[in-house]
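Please find below my note on the model that you asked me to review.

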Amino acid sequence: MIIITYIQTYFSYGLIAFLGVIRDLFRLFLEFLNSTNDHGYAPICPRFDDFYIRRLYLRIQDCFNRPIASAPDAWFDVVERCSNDNNKTLKRITKVSKCLNLASYNYLGFASADEYCTPRVIESLKKFSPSTCSTRVDGGTTILHTELEECVAKFVGKPASIVFGMGFVTNSAILPVLVGEGGLIVSDKLNHRSIIYGCSASGATVRIFEHNTPSHLEEVLREEIAEGQPRTHKPWKKIIVVLEGIYSMEGELCKLPEIITVCKKYKAYTYLDEAHSIGAVGKTGRGVCELLGVNTADVDVMMGTFTKSFGSCGGYIAGSKKLIEYLKYTCPAHLYGTAISPPAAQQILSAIKVILGEDGSSRGAQKLTRIRENSNFFRSELQKLGFKVLGDNDSPVIPIMIYNPGKIPAFSRECLRQNVAVVIVGFPATVLPLARARICISASHTREDLMKGLEVINRVGDLVGMKYLPAEPKKQHRVKLE
Amino acid sequence: MASTVEGMMKQAFDWAMIALNAPFAGAVVFGVHIGGHYVAEGLLVVVIIFLLLQKSYKPPKKPLTEKEVDELCEDWVPESLIPPITEEVKFEPSVLESAAGPHTIVNGKDVVNFASANYLGLVGHEKLMESCTAALEKYGVGSCGPRGFYGTIDVHLDCEERVAKFIGTPDSILYSYGISTMFSAIPAFCKKGDVIVADDGVHWGIQNGLHLSRSTVVYFKHNDMESLERALEKITRENKRASKIRRYIVVEAIYQNSGQIAPLDVIIRLKEKFRFRVLLDESNSFGVLGSSGRGLTEHYGVPVDKIDIITASMGHALATDGGFCTGSVRVVDHQRLSSSGYVFSASLPPYLASAAISAIDILEENPQLLRKLRENVALLWKDHWSFTHFVLFVVYIIVLMVVHMQMLKEDYVFVMVSKRSTLDKCNLPVGVKLFVSASHSESNLLKVSDSLNRVSKLILANL
């Protein structure tokens, strides 16, 4: 069954590419007839480099970059757009439609105004104003920042932490400080673009190990330590293994205990990126270490972002006191980047207090239970309906495989028509034939919201032909829903 | 017995001779009669040549055994994750207890603040606060997604239109963090094989972008136009395919590391002469230079479409966070799909985008802010130096901290000292920096210049 799907997928891509090539030939011909004069400058965007973008992506451009006009809560207003030139440009129109939000990273429901957090955020705004206009080391450190760093360190379970204004910059500015030339970075195959940027900016040698495979990691480490540096064969200065807590395109948890054992055996340092897992998994929301029973002292550098579970912005690094002190003196993002906006810092502080129950209510614990139950319920129901779903239990990221490029926009547009907003991901974020729809569950989704989502996805899945696995018998299924 | 063997051998020999001397064994090549024995000799030559062409014997490579690999792994000792921290890099930043306006509270005392790039004095402005509060109540704090996946909020689109309208370009794109703007924009346009000529005093964000782009980078002496011209000439001369590869000049309008202003008119002249494209970083000049704050292009009277890409961080004059990049429609659209810091990162929090819109509105309605800023700078400088709004005194780095702390403790003046990361390649001298704001009063300015003069004389006398 799956082979037929692959054949169909490749055939569809081939057909679209073929049509694209024919259109390009026409374009070449027309351009030759009326050639534009660049006055001796090389074109700023090479004319035929972006074939994928022009001939594939532009056709389905309306499925991406959809603007919204309200907070990204469980239900939000999606602004409609129209196009006069066959999807090349899209214009906003005033019409909005209220849709179920299965797309935003709103794991604990802090995305919209919250009864505990928002008044405190507005108070901080009045006291410290939206920005300090300065870097952390100059005039940008306020009492909020120091409080935030202590709070994050305590929450994550490490002695100290340092906070930055953006998650992407955290990864790309920390790795060059930790390891340089003469060092080795062993990175998981499906790591995020910010980690790839950081690895390439560091100047160290980079080796990739098969996604989530501790045995291959061990092989790579043995080989590299035995060989030493390329050409000179001098021993490596240090080795850092970089992995993520939850992989955002697969919804999988990393095999942390096995990987930590391997790293300890070969004396490699571990760097864990918990962008999607901090706050969302674990009994008290402390991430994959708590969920998988790993002692936080075994991970050398823990990184995370505040965008997903805390409804704010920014990133952090948590580690030993010496490590954080060193980073504070040398990391370019800390020395040159603007300090994180004080209201955003207050939002993170308040969100952590709610999660830990320090605000005097049990909302935090309720949110954590709800997100776990919601994710498990949604995943199991989708599997029963016959969809091919990836990811592990307890993970709030649920990818549904689509494969065929023709079905990608069909799924997205039809769901939107029925007021459910979903995210579809294709090349280059994933491998070419493995396009998928990615659902992000939130603690603010109620059971009714999830049922509506399931109903719509079920209907659209039938229409589009996305049910690649056999569904469970209908009778059993109906009984479960009641 | 012997005679039969002898007889047999003789017979064999005779047959061999007959075979070699038979009519067909001999050949007539070009009228030369070749005897049969030449065949045998020819075969021998072939064998010799064959042997000569064989590679010499190399003993086969034996891979390491498992036991040997185990031993190597056990013996290997990594360096510690971080090197030991030396005394001279240590410092503790002062902690603010109130907003970073012209006055702020440090350690319970009110100090005059020259350490925030709050050029127009918009920190604490009520219109900004109102729009932020409204945005916070409507949208919450974060945007919870990248721009491609429902992280595009209508305020982002409004902000982009507003910025483009203000500067006078067709379109602009918003980034969620100031320094990520340059280091995401540069790799989107410059790839391996392109040539970039950059000033050697550019800040770390640009240096990182240049490194990530993998293009050939040529540095010219800081703000030295002759050095730039020489570099441009050299590249055009040496590269025969110069017109086919993309070539860029990267400069900052007001340099973060030295406070000098780039002479844009000369740069434009050189750019048009050698056919390079210009990438201008206007972080410190947007909202400051030009009669209405539109930046360096207005200051020099150059039409804004002559600059191909303009980037700026909004964390300076606009008193918010994030950054933007503006240029032609093609330039901006290209970044929406190929700029990593835009595609793979969550979008700017909506309240900061609405703060930016309000800040630009305030700037447009109140051009007297710019006049006040210029007066303040002039007061501080009394026509000795060129027009900059932050000022550098060259002092040795170890002494800088002492100057900073003394000014803070004794005179209640809060200034900034330059710090360099180990990854920063800039070699410009470090010093004390003052960020002048439109909201500083005359007494503030007199206080800071007195304090700086007094403390620096004291410290330098004791050196």
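**Note on the domain interface**

1. Between domain 1 of chain A and domain 2 of chain A, the count is one salt bridge. Please bear in mind that this is a predicted model. The partners in this salt bridge are A:R436 and A:E250, and their closest N and O atoms are 3.2 Å apart.

2. Eight residue pairs are in polar contact between domain 1 of chain A and domain 2 of chain A, with both residues at pLDDT 80 or more. On the side of domain 1 of chain A that touches domain 2 of chain A, the elements giving two or more residues are α14 (363-385), β11 (397-401) and β14 (436-440) of chain A. The largest share of that side comes from α14(A), which gives seven residues. Sorted by class, the side comprises nine nonpolar, five polar and seven charged residues.

3. The division of the chain gives the setting for these contacts. Domain 1 of chain A covers 1-101 + 364-464, whereas domain 2 covers 116-356. Their C-alpha centres lie 29 Å apart.

4. The extent of the interface may be stated in two ways. In residues, 21 from domain 1 of chain A are in contact with 18 from domain 2 of chain A. In area, about 1400 Å² is buried between the two domains, and carbon and sulfur atoms give 60% of this. A:L368, A:D392 and A:R438 supply 32% of the area that domain 1 of chain A buries against domain 2 of chain A, more than any other three residues.

Conventions. Residues are numbered from 1 along each chain as its sequence is written. Chains are lettered from A and ligands numbered from 1 in the order in which they are written. This is a predicted model: local features need pLDDT of at least 70, side-chain atom pairs count only at pLDDT 80 or more; totals for chains, interfaces and linings use all residues. Side-chain values use heavy atoms; hydrogens and water are left out. Domain bounds come from an automatic or database domain assignment. Contact means heavy atoms within 4.5 Å. Buried area is the accessible area (1.4 Å probe) that two parts lose on being put together, summed over both. A salt bridge is a side-chain nitrogen of Lys or Arg within 4 Å of a carboxyl oxygen of Asp or Glu. A polar contact is a pair of N or O atoms within 3.5 Å; within protein, one must be able to donate a hydrogen and the other to accept it, and residues adjacent in sequence count only if both atoms are side-chain atoms. Helices (H or I, at least four residues) and strands (E, at least two) are DSSP runs, numbered from the N terminus. Ala, Val, Leu, Ile, Met, Phe, Trp, Tyr, Cys and Pro count as nonpolar, Asp, Glu, Lys and Arg as charged, and the others, Gly among them, as polar.
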